[in-house]
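Hi everyone, thanks for making time this morning. Please have the viewer open while I talk, and stop me whenever you like.

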Amino acid sequence: MRAGRALPGAAGCGRLLAAGLRPLLGERGPCWAAARRAAGWWPSPELRVPQAAEAERLVPQTGGRCGRFIVCPQLARTVQRCLQAGSGPQHVVLECAPGPGVLTRTLLNAGVRVVALESHPAFLSKLQSLENSLDGQLKVIYGDFFRLDPLVTGAVKPPAVCSDKLFEAMGIAPVPWRADIPVKIFGIFPQQKERSKLWRLLFILYECSSIYRYGRVELNIFISEKEYKVLTAKPGEMRTYQALSVLWQVGCDIQLLHMEPWSSFLTNFKNGRLAIPRSTLLPNDHLCLVRLTPQENLFTGGLKPANSATFIFMVKQCLTKPRSKLIDRLNSWSLGNAGKLLKALEIPKYVETGNVYPEDYKRLFCALQNSSVFAESWFHDEVLESIRNINL
Amino acid sequence: MALLRAALLGPARLRGGGIPWSVLRFYSSASAKEKARRNAVCERTELLEVLKARVKQLQTTNIPEVTINKVELAPLQGEGHQGLLQKTVSAGTAVEHLVPRQSSSWTEKLKKEMYIRQMKVEKKLSIAASRTLEGQAKVKRKIKVKAKVRAKVKTKTKSKKSQKSPKATAATSRNQSHAAPSSASKPRVEKMKQDLKAQKPQCVPEDRNSNHHKTMQQTIQCNLECFLYLQQPEEAQKLLLLYHSNPMRRKLLSVDAYNVVMRGWARKGCLHRVIHVLSMLESVGFQPNLDSYTVLLECMTQSQSSTKAIWRCVQQLKKEGFHVDDLFQKCLFEGNEKEMVLKAIRIIQPDYQLPPPPKPEICKSALLKNFYSKKKVVSYPKLNFTVQELRERFQQQLEMELSSTITIESVESTKPLTPQAIKARQQLAAFRSQWRDAILQALQESKDKMSQAKMMSRHSLIYPYLCVLPDEEYVDIMMQVLNTLSPQGESLAVLARELGSKVYNRYLVQRKLQSCQLKKVQEIYESYIHLLAKDSQPSEYLPREYWEKLVAEAGYGPSLNLKDCSWPYVILMRLGMYLLEIMVHAVKVPRNTLKPHLQPKLIPVLYHIYSFRSSWQVGLIKPHPIFSQIVSDAAETMLTFNSSAIPMLCPPVPWTSPRFGAFVLNETKLMRFVDGAIQHQQLLDQCPQVNLHPVLDALNQLGSCAWKINQPVLDIIISIFNDKGNEKLDIPPPVSEAPKPPVVPSSSSALHKSLKHELLLCKKKAAEMHSLRMDALYKLSIANYVRDKVFWFPHNMDFRGRTYPCPPYFNHLGNDVTRAILLFAEGRPLGPKGLDWLKIHLINLTGLKKKNALQERLDYANEIMEEILDSADHPLTGRKWWMNTDEPWQVLACCMEIAKASRSPDPAAFISHFPVHQDGSCNGLQHYAALGRDLIGAISVNLMPCNVPQDVYSVVAQQVEEFRKKDAEEGLKIAQVLEGFIGRKVVKQTVMTVVYGVTRYGGRLQMEKRLKEIEFPEEYIWEASHYLVRQVFNGIKEMFSATRDIQNWLTESAKLIAQSGRTVEWVTPLGLPIVQPYYRIRSTVLTCGLQSLSVKSSSNSNQRPDTVKQKNAFPPNFIHSLDSTHMMLTALHCLRQGLTFVSVHDCYWTHALTVDIMNQICRQQFVALHSQEILEDLSKFMLKNYCSPGKESRTFWQQKLMEQLSDVPKTGKFNLNKVIDSTYFFS
């Protein structure tokens, strides 16, 4: 049997009453309910949330994309609370790969409007029948969030989806960057290529393309603990502080909402194992629910979607060797008077690149941008090349 | 006293070296321990205690030896202890009384002390001399002792005349305190020695074999050789001691390491140093080998040692089981070493004669019985040159190689110069001289810093390698690399390797000069010319045999080979990285060079960035655009090449051993292999040299073909090249013709995705065009440089025996363009059938009549004679028939030849230099079909005589089509969709590569490509390619049933062998040993200044094999080893028939006159080859190699492996002799 069920993280689930039989959030007063409706909440459809064992049977063990699913009602409720705890208008949650739909039902019961993006045919049909039984609170779309806006040229073939189509289907229009968040997205990161998915998201964030064309979309995602540690690493932590850390910290407000042991999730990997990514340096016992809210003031001081690739390139070059001196890096690019520049920015002259704060990287970039050093053609060329290597 | 001496000299007398080196046995291990406690005062006092105790022990003495030992300590003890020492001096005891009473370990200890004292005396004299009166007295005594020691050693008399004060050379690096505490640590030494002995059997072997160990060993050896070359024996000894004195590090030393240091001293004539090193060697339990004795003897001659000493040395040599003759037969001598050793031997044996050179062995391979038997001797074909002419050519070649590089005019130089170019050239010249100065200065500064750094630090490891050439040469090398850096940049690893190996190559040339090796080669070559020149006597030798004969006659023996002195890969890389770092830091250019409005600030020309490729990053060095711009503006027309990139201007030096042949000076490997792989060389060195003779002779035969340039064709090509190129004719256009990138508005807001994509495509295209253009430029420029000359391509081979010409850019293995400009230098009349062969060859090149019989091809050629003549006469202005063919340039060249021949009064007498090709049809499958005696298979690859050529691809396509029809009838969707799409083109690549082990995966990708080309509906491509590749595999299985069995047998055997931890090895029917060099990669990280570099560690025989690669590569490699064998057999037999023969793997070239003879030989040799029991022999060889019967414990897998290897696949019913009559076997 799968190890996922036997471990203590999910052990309590079975004992819970089926959520459908319980009055949801009953303890709250009527005043709150009115506010809810005003904010566009839906009345709870009082759906029955399948129990863990039941949900597990819904997950086919073969075929389709391998992934991780929430089957434990308790975990689903935790996630649902986390999702609702944020600020701003909260009428739509885009749930990616809901699978057996435990969280979907929990969210629906909480009165949230859910758009489910599912690519597995087995789940899709179940979700569609659920969709039909409701009055528009759930919308099911065939597609795979992690194959959004594929970079290959030519027609987009499902389950790959186009962000334009997706957002149109959700009924969400683009809003200015500084406006409130237009939509919340929930998903569990696929463990294969987790790192490259994070890079990909970073690129579209800095380019303001794909989902970020619609404003500061809020991502609520489960990522492995080790990647979370990387995202939130501080300068000076030489092993973990990487280009990814700097760029995410500059780009987003990173908030840890919840940590859950790996075993609480159901997987459908063929060998039946948990498939926990190996990690030696960093702890990796949990999946972390992280909220990534793009910074409102990301594009200030000279950083623009147009030149952001140069920024990414610069940070990557600096942090390939975190023990190198920042000034050496700058000089090795023939960028001119690096010492003076650092002095003006009040960055210590002989600081190692692994000790520079994310904000300082941004300030450094803006200063370089304003002194038009990057206009010298070689840097431009390199940036293009680096985009090709990462982004295509 | 006398007893002591006797005890000391007892063993030493027999040793014969004069000084008893055995006394040192435990000295050095002691000093290792002592070093650690060097400055510890407390230990020193402890030591004094011990000494005091010792003195008491010795009781009384009048022996100066002991007292002197104490005196030696004086400078270390300080004033306070003087009194004590005085006491010890006065209270001397007679040691000689002790000696008989003490156990033998006592004598050992005393001997050791003796030696230490001797060392010390030398060293301390100068210090001691300036002491007080009291001190002076001591000195006197010291001198006395010293003299005694010497006297005892040399003449065993206490003659007073040797009392001259010893030289205070004190050159050794030994610290003062080294020797002092020796007695204290004696017990420990003893214990250590025991420990060592106890450990040796268990831990040392595995230690010795580890990869790291080997690399380290090689590095040390190499560093020592460097010091030897630099004539710095002091440094060498310092390094040796560093390892010698530490029991752990000492494991890295071998006898050779000591020999190198000894040789260094020997060259300076310091006999006592040599003997000292020899005693060090013995002290750690090594036995001196032959080389050690040669060094010793050489040094003895040089320092005019007594006859007695030499006699003792020779006695010792014989006692060790060597023979005097061995010295001259097995050792590699450099310079005048051999003469010196001979002199030494003749001192004691005045009538000693050099051993006669070993009788040349004759290869006994059954395949070459006729070839080597002297019955049917045909004299070696003469070249059309006189001795004098060849001598001049050799001189030219030698001069070129001596200068390492050659600068030639590029073919672009005919273009007119623009004023802009003139300005840019001036600018560039000015910059270059600045850069040169800057680099030189930076190099010297850095070297100074390094020379002061401590031994063993990372940098000083490469310090000796920075001294082997004059500083200016390093600068030259760096400037060369800078000049050829592409605007796209280059990865650090590649550049570092290039820099490192350039230094190495120059060093090698210097070494050959220094060791007089070049002089000897020159001398032999001058005589060797007589074999080839037309005005000398014919002789019945092969080039290799003749060369060997000349070497033997000159009495050089093996001395033409240098001792192996290749630098480890890691050292090459480190050296390269170091030079690269200097370049990056030193080369600068003003920022305002192109834009005068900017500040005039110096910025680096080279910048270092990272490029990210999926999960890892690659460091790149790129030139600043300013640099690239000036270089491109200057449009320089001189190209600099390594001298080995130019074809040879004289006949190549014949291969006579795996380490000698090809170029005169440039090092060439007989077998090409990946960096760091050493198995091949080991295997070649180990195998009996006579087994290699056929391969060496075949390579010599291929290299002996003289070439010249087809000038009219070259001129046409150059004219197109200098115009705008022509992609259709495979003449790459200049980068200026590249598609222009879309104009990006300067204030670009977000670049559109498509725009970005387009920009990238343009950049990529430009980069591709640049490299294609440069490649063509190099080829054409070299061709142009040798346009009026006759030249040769020396050959070597890859690890499977496939042969390649050594010059990399321009050679007959190149593309259509390069092949079209090559002609045989030797001309032969066309003969009765020659013109027809030319015509058939022409049609073959066009690719038009592949399925037709030869006669039909000939008829077709006659039919279109008008087109052919038009093409020949007006290549660029006429109807251009030649342009629309498969190989247009060769077609054009052939048209011209046919035109000339057909217009000559007597075509049969027309002298033609044109090579005519004969191609094997799907050669890999031919070998498989012959191995398995597959009847259907044999027919389809033309092993059976047929009226028209069979086309295996069409046959497979038909077979697949049949499968498809059946499936379509059964309602398989994809089979229905594929209707009308299956043809020869679709299956060709897969069928061709099946032989070479293409997998389903790779096959599917090939299919996908083909299907896309023929516009197959896109939505079905994946499924269709999947289906097709399966059917192609099935089809081949059906037709070549035995082939598949053989392939599976080979694969399965290789898998089991690799799984048992061994690499797959075999021997070709010609006797060439082959090993598959696929190992699990372990990379070493080199930490260098700019960045760390991950280097594939040099693989050795103890690495674990990569099972997947070993398994997948075995069938294709085995087949390649067979096709190369077939080629070599054909080459050798063509040589006996006096044919000109060259090959491009499975495509054989000869004159039109001799095509028929070549075809006959080719078929005969194919039959002869496959008449051998190839698979049975392979099975036997592998059984012997991998399942040695001696092993008691036969595990399960061993059993399995044995069964697998013994189970040779069954063969079919094809009659091999049919090949003889098959017209289209090679056509």
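I'll go through a sheet in chain A and then a helix pair in chain B. Keep in mind that this is a predicted model.

Let's begin with the sheet. In chain A, seven strands make an open sheet, ordered 4-3-2-5-6-9-7, with mixed pairing. So which strands stand at the edges? They are strand 4 (138–142) and strand 7 (252–261) of chain A; each has a single partner strand, so one side of each has no neighbour in the sheet. From one strand to the next, the twist averages 20°.

Now let's stay at the strand 4 end. Strand 3 of chain A, residues 113–118, runs parallel to strand 4 of chain A, and five bridges join the two.

Over to chain B, please. Here helix 16 (residues 290–302) and helix 17 (residues 307–319) of chain B pack with their axes 10 Å apart, at an angle of about 170°. That is over 145°, and the two helices of chain B are therefore roughly antiparallel. Who makes the contact? Helix 16 of chain B brings B:Tyr293, B:Leu296, B:Leu297 and B:Met300, while residues from helix 17 of chain B include B:Ile310, B:Cys313 and B:Gln316. By class, the contact residues are nine nonpolar, one polar and no charged.

That's my tour, and I'm happy to take questions!

Notes:
Residues numbered from 1 in each chain as written. Chains lettered and ligands numbered in written order. Predicted model: local features only at pLDDT ≥ 70, side-chain atom pairs only at ≥ 80, totals over all residues. Heavy atoms only, no water. Axes fitted to C-alpha atoms, helices over the stretch in contact; angles between N-to-C directions. Helix = DSSP H or I, 4+ residues; strand = E, 2+ residues; numbered from the N terminus. Parallel < 35°, antiparallel > 145°, perpendicular 65-115°, else oblique. Contact = heavy atoms within 4.5 Å. Nonpolar A, V, L, I, M, F, W, Y, C, P; charged D, E, K, R; others polar. Pairing = 2+ DSSP bridges.
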